[in-house]
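Trainee: Could you take me through how strand pairing and a nonpolar core are read from a model?

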Amino acid sequence: MKELPVSDYYTASEVAVILRQTKRDKIYTMCRSGELKAFLFGRTWLIDKEYFDKWRKAQLPS
């Protein structure tokens, strides 16, 4: 079984800190709904760093 390169992914907790969310529940909801492209690895939501950085820039007003 291949191991995931952990440095290529943010956890939901890390994303919560980046987005300044005090509750991780919002991030978990975004992952489950598909608003954030993420996947479960065991019990941890992982979000691709490259995808998240592009998504975050797209959320900022121009």
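Mentor: Two strands count as paired if DSSP finds at least two bridges between them, and strands (E, at least two residues), like helices (H or I, at least four), are DSSP runs numbered from the N terminus. This is a predicted model, in which local features need pLDDT of at least 70 and side-chain atom pairs count only at pLDDT 80 or more, while totals for chains, interfaces and linings use all residues. Residues are numbered from 1 along each chain as its sequence is written, and side-chain values use heavy atoms, with hydrogens and water left out.

Trainee: Which strands pair with strand 3?

Mentor: Strand 1 (residues 9–11) pairs with strand 3 in the antiparallel sense over three bridges, with Tyr 9 standing opposite Asp 48. Strand 2 (residues 38–41) is also antiparallel to strand 3, over four bridges, and there Leu 40 has Trp 45 as its bridge partner. Strands 2 and 3 form a hairpin with two residues between them, and Gly 42 in the turn has a positive phi of about 70°.

Trainee: Is Leu 46 buried or exposed?

Mentor: Buried means under 20% relative accessible area, exposed over 50%, and partly exposed in between (1.4 Å probe, protein chains only). Leu 46, which lies in strand 3, counts as buried because its relative accessibility is 11%.

Trainee: How many residues has the largest nonpolar core?

Mentor: A nonpolar core is a set of buried Ala, Val, Leu, Ile, Met, Phe, Trp, Tyr and Cys residues joined through side-chain atoms within 4.5 Å. The largest one here has twelve residues, including Tyr 10, Cys 31, Trp 45 and Trp 55; helix 1 (12–18), helix 2 (25–33), strand 3 (44–48) and helix 3 (49–59) each supply at least two residues of this core.
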